[in-house]
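User: Hey, can you walk me through this one? I'm new to reading structures.
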Amino acid sequence: MATDVVALLADSLAKTGVEDGELSYKGQGRKLDDAHSVEEIVKEIQDFEGLQALRLEGNTVGVDAAQAIAKALETKSEFQRCYWSDMFTGRLRSEIPPALNSLGDALILAGARLTVLDLSDNAFGPDGVKGIEKLLKSTACYTLQELRLNNCGMGIGGGKILAASLTQCHKKSSTEGTPLSLRVFVAGRNRLENDGATALAQAFQLMGSLEEVHMPQNGINHAGVTALASAMQHNTGLRILNLNDNTFTEKGAIAMAQALKYLRSIQVINFGDCLVRPAGAKAIAETVSEGLPILKELNLSFGEITEEAALAVAQAVKGKDQLEKLDLNGNCLGEDGCKALKDAMESMNMGEHLGSLSDDEGEVEDDDDEDDDDDEEEDEDEVDEEEAEEEEEEEEEEETEDSSSKKFSTPPSAPRPPDVSSFLSFPSPDKLLKLGPKRALLIEQQVDVSDSTKTAEAFLKIASVYREDSNDVKDAVLDSVDALLKKAFSTPSFQGYSFVSALLVLLGLLKSEDKVRPVLVVPGHLQALEHVVRQDYFPKENVAVLEAFMSRNNKALESCNVTKNCLLSTLQRVRSES
Ligand SMILES: *[C@@H]1O[C@H](CO)[C@@H](O)[C@H](O)[C@H]1NC(C)=O
């Protein structure tokens with residue numbers, strides 16, 4: 001999973017280049033009120049020939065500032081992508097529509113052809129939708145592929161305006177022979193409710209081009225769900241359908257099950273927390289068993305599903321060789337039901353794909369009070385376990401960090417030559433030096449480079465003992481990581497992307513489905529990385545991937561901010577030189 005993400009990212013980076021045509025002020029927390037405050041941005045926009053994308057997320061832009069930016073955009077005919085989520089923090093609601101309007105007008109005037117419009121996390125409400133109405137109906141949006149409006153408080157009214165705008169855009173663009181073909185639609189947490197969802201469903205049906213639809217948490221119940229179901233039926237290229245946390249009940253779920261029969265490309269179905277109930281789950285199971293050949297993820301958690309219906313779902317995923325996750329947590333299986341479900345999955349050799357059942361609500365007949373007690377106890381146990389594990393880890397880190405730790409060094413009476421595996425288990429600068437001048441070779445021989453996770457772990461172990469103030473240690477670390485990675489990257493079976501994704505997971509920058517736990521990041525990790533990315537053996541496409549992840553704000557690296565910034569600027573330099 002994590003590898004997929006990195007490979008995809010690398011792929012898209014390779015295609016577009018990280019900032020090919022892109023100007024970014026992302027996450028800078030700038031408070032941009034008037035024209036004066038955006039002088040620098042305006043100048044940079046003006047000077048950027050062929051500007052295609054502008055990132056303004058994570059700043060706050062007032063009406064006058066937006067107008068000044070808009071003016072600069074008026075000549076940008078190649079403009080395509082608006083990354084404008086979270087750009088009105090703390091603004092009055094009334095400021096947002098005029099700000100959006102002037103930006104939209106500029107894009108229309110420029111003759112821009114948009115592919116991405118991201119306005120998520122702007123709490124603009126129904127009126128904010130009016131601010132983009134004109135843009136959405138214009139030629140600038142005939143080419144739109146991704147529309148992201150997550151968490152905007154659109155409400156029923158906003159949903160209807162949005163639907164009407166998309167409908168009109170589709171009509172007008174169709175008469176020109178290039179019908180609007182939206183691929184990605186995101187509008188979670190917007191209180192769209194039945195009427196908003198139903199209006200949008202009609203627009204979706206017209207377009208028929210959707211591949212990803214995310215509308216979780218919108219207070220939609222069976223009427224709206226049924227409307228969406230018949231719309232989805234006409235979007236046969238749909239891959240991802242996320243309606244988490246709406247209220248299907250049997251009716252909605254059965255309608256969805258019918259619609260899914262037409263969707264052979266579907267990979268992710270998230271109907272978690274949707275109250276699909278046993279009858280709904282069984283209908284969905286039937287559809288799954290008849291088709292959906294490349295299903296990857298099915299979430300029917302928290303749906304009041306009983307054991308019998310859950311077992312039908314399990315039977316239905318038999319033979320789905322792409323399946324990665326079946327989530328049936330939080331249903332009403334009871335202890336025996338949970339066991340039966342696990343057994344069923346295991347008997348199909350799919351045990352590892354079944355998600356946790358720790359929040360099972362117990363069989364329906366059971367006394368509710370008793371269940372609640374059980375749940376609480378379980379939860380507490382879990383928390384305790386997690387805490388214990390964390391403590392263990394911390395202890396291990398401390399031991400690892402402490403080079404003079406007596407506990408693990410060999411007793412003086414029986415001097416043994418230091419060996420690589422003891423260094424890798426509990427690394428210390430001293431142990432690394434004691435491996436002698438052949439240490440790089442010894443390490444390289446010890447590590448199985450066909451296993452990318454092990455290689456990443458070994459790299460971080462060696463890097464963790466890096467010391468800026470000791471040239472001996474520094475050289476020993478850099479020689480060793482060079483030898484290791486040079487060998488790895490020149491081994492034909494070595495998977496570069498897996499290595500990078502394992503590294504990102506271990507550094508806490510990328511979530512993993514596997515049991516890999518992040519390490520406690522120390523500056524040495526990043527310093528050694530800064531060295532290796534400059535070496536010839538290190539593939540340049542991985543530099544771009546690392547840069548993309550390092551440039552995000554991340555807690556895992558907070559304690560190493562200075563080193564992180566050095567690494568980031570090195571990554572940027574290396575990439576621009578290549
Ligand atoms: C399935 O949905 C539940 C309920 O919303 C959610 O907590 C869980 O994370 C989802 N599972 C997966 C695998 O996404």
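Predicted model: local features only at pLDDT ≥ 70, side-chain atom pairs only at ≥ 80, totals over all residues.
User: How do H2 and H3 lie relative to each other, parallel or antiparallel?
Analyst: H2 and H3 are roughly parallel, because their axes cross at roughly 10 degrees and angles under 35 degrees count as roughly parallel, over 145 as roughly antiparallel, 65 to 115 as roughly perpendicular and the rest as oblique. The axes of helix H2 (residues 39-47) and helix H3 (residues 63-73) come within 9 Å. Axes are lines fitted to C-alpha atoms, for helices over the stretch in contact, and angles run from 0 to 180 degrees between N-to-C directions. Helices (H or I, at least four residues) and strands (E, at least two) are DSSP runs, numbered from the N terminus.

User: Which residues make that contact?
Analyst: On the H2 side you have Ile-41, Val-42, Ile-45 and Gln-46, and H3 brings Ala-68, Ile-69, Ala-72 and Leu-73. Contact here means heavy atoms within 4.5 Å. By class that's 7 nonpolar, 1 polar and no charged. Ala, Val, Leu, Ile, Met, Phe, Trp, Tyr, Cys and Pro count as nonpolar, Asp, Glu, Lys and Arg as charged, and the others, Gly among them, as polar.

User: OK, what about H9 and H10, at what angle do they pack?
Analyst: Helix H9 (residues 249-260) and helix H10 (residues 277-290) pack at about 5 degrees, with axes 8 Å apart. That makes H9 roughly parallel to H10. Their contact residues split into 7 nonpolar, 3 polar and 2 charged.

User: Switching topic: which residues surround the ligand?
Analyst: Asn-244, Gly-272, Asp-273, Glu-297, Asn-299, Ser-301, Phe-302, Lys-325 and Asp-327 do, each with a heavy atom within 4 Å of the ligand. By class, this shell has 1 nonpolar, 4 polar and 4 charged residues.

User: Which side chains have polar atoms by the ligand's oxygens?
Analyst: Asn-299 has a polar side-chain atom 2.4 Å from a ligand oxygen, and for Asn-244 the distance is 2.9 Å. A side-chain N or O atom of Ser-301 sits 3.0 Å from a ligand oxygen. A polar contact is a pair of N or O atoms within 3.5 Å; within protein, one must be able to donate a hydrogen and the other to accept it, and residues adjacent in sequence count only if both atoms are side-chain atoms.

User: And which elements give two or more residues to the shell?
Analyst: Strand S12 (297-299) and strand S13 (325-327).

Note on methods. Residues numbered from 1 in each chain as written. Heavy atoms only, no water.
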